[in-house]
Amino acid sequence: MPPVSIQADQQMDVLAATVSTCATGRSAAKVNDIVRETGLERQGIQPTLRFLTGTGLLTSGPAGWTPTVPGVRVGQAWATNRDAARTILGEVWRDSWVCHLLIRSSVRPGVALSAEEIAKAMRPYQTSKLTPWMHLVDWLVLARYVELDSDGTLRLSRTLDDGVEAAAPDSEQNVPPASAPDPIGPSLGLVLPVNMDQLTHLTAEDYGAVMRSLATIYEVLSRQRT
């Protein structure tokens, strides 16, 4: 999940800084490089890197973080044309867990909702904290998956209407396969023993245990790369 300490556009700055660092010939960027490039606090950068890795925009290894091909496309565009970068982000995330969670949620085309209502519709368990999901909605806006109306409410963008209707319970079409990217995503060379469908069927207690375990692993490995 995205960190709650910095905004989505600042997290995109982290991606752009990683891309620009690696464009100089470096194999990977470290947290110190990104602090220097962005001026952001370290405490917000590390969880941002985990989120960007989990959504397929970065990869992680012993040397630090390296942008993927989609990450390079988004990061380079963000540095020069943010409007174009938002469009590219929406394109490269169509197979991501973020897009699949939105499509599989109860959010329907043409219905005006608040950010809180969308966040509640997307989170797998009502017992999980809502704040990170609210910040995920900011990313949905950034990727143009939801659009802001003049009255401040949000609606699904027309580009996602067909996908949401296809995933509706009364649809004859199948929902995305179980092999679709899971909410944590490929990172750090770790292979999760569960996929997204299995995660959404865990009990609230087991789901929390999985997330806490992963957060601990990421934190330990992050300290080794600073």
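**Close-up 1. Arg144 sits in the loop between α8 and β3 (146–148).** In this predicted model, Arg144 has a positive phi of about 65 degrees, although Arg144 is not a glycine. For context, most residues other than glycine have a negative phi. With a relative accessibility of 28%, Arg144 counts as partly exposed, because that value falls between the 20% limit for buried and the 50% limit for exposed.

**Close-up 2. Helix α6 packs against helix α8.** Two packed helices are described by the angle between their axes and the distance between the axes. Here, α6 (residues 97–104) and α8 (residues 131–142) pack at an angle of about 100 degrees, and their axes are 11 Å apart. The two helices are therefore roughly perpendicular to each other, as angles of 65 to 115 degrees are counted that way. On the α6 side, look for Trp97, Val98, Leu101 and Leu102; they meet Trp133, Leu136 and Leu140 of α8. Sorted by class, this contact of α6 with α8 has 7 nonpolar residues, with no polar and no charged ones.

**Close-up 3. The largest nonpolar core holds 48 residues.** Which of its residues touch the most other members? They are Met12, Leu89, Trp93, Leu102, Ile118, Trp139 and Leu140. Helix α1 (residues 8–22) gives this core its largest share, 7 residues.

**Close-up 4. Ile118 and the residues it touches.** Leaving aside residues up to four places away in sequence, Ile118 touches Leu102, Val107, Leu113, Val137, Leu140, Val146 and Leu154.

**Close-up 5. Thr21 lies in helix α1.** Is Thr21 buried or exposed? Thr21 is buried, with a relative accessible area of 7%, since buried means under 20%. Again leaving out residues up to four places away in sequence, Thr21 touches Arg26, Ala29, Asp33 and Glu37.

**Close-up 6. Cys22 and Cys99 are both shown here, and each is buried.** Cys22 has a relative accessible area of 16%, while Cys99 has a relative accessibility of 0%. A disulfide is a covalent bond between the sulfur atoms of two cysteines. How many disulfides does the structure hold? The count is 0.

Notes. Residues numbered from 1 in each chain as written. Predicted model: local features only at pLDDT ≥ 70, side-chain atom pairs only at ≥ 80, totals over all residues. Heavy atoms only, no water. Axes fitted to C-alpha atoms, helices over the stretch in contact; angles between N-to-C directions. Helix = DSSP H or I, 4+ residues; strand = E, 2+ residues; numbered from the N terminus. Parallel < 35°, antiparallel > 145°, perpendicular 65-115°, else oblique. Contact = heavy atoms within 4.5 Å. Nonpolar A, V, L, I, M, F, W, Y, C, P; charged D, E, K, R; others polar. Disulfide = S-S within 2.5 Å. Buried < 20%, exposed > 50% of the residue type's maximum accessible area, 1.4 Å probe, protein only. Core = buried A, V, L, I, M, F, W, Y, C linked by side-chain atoms within 4.5 Å.
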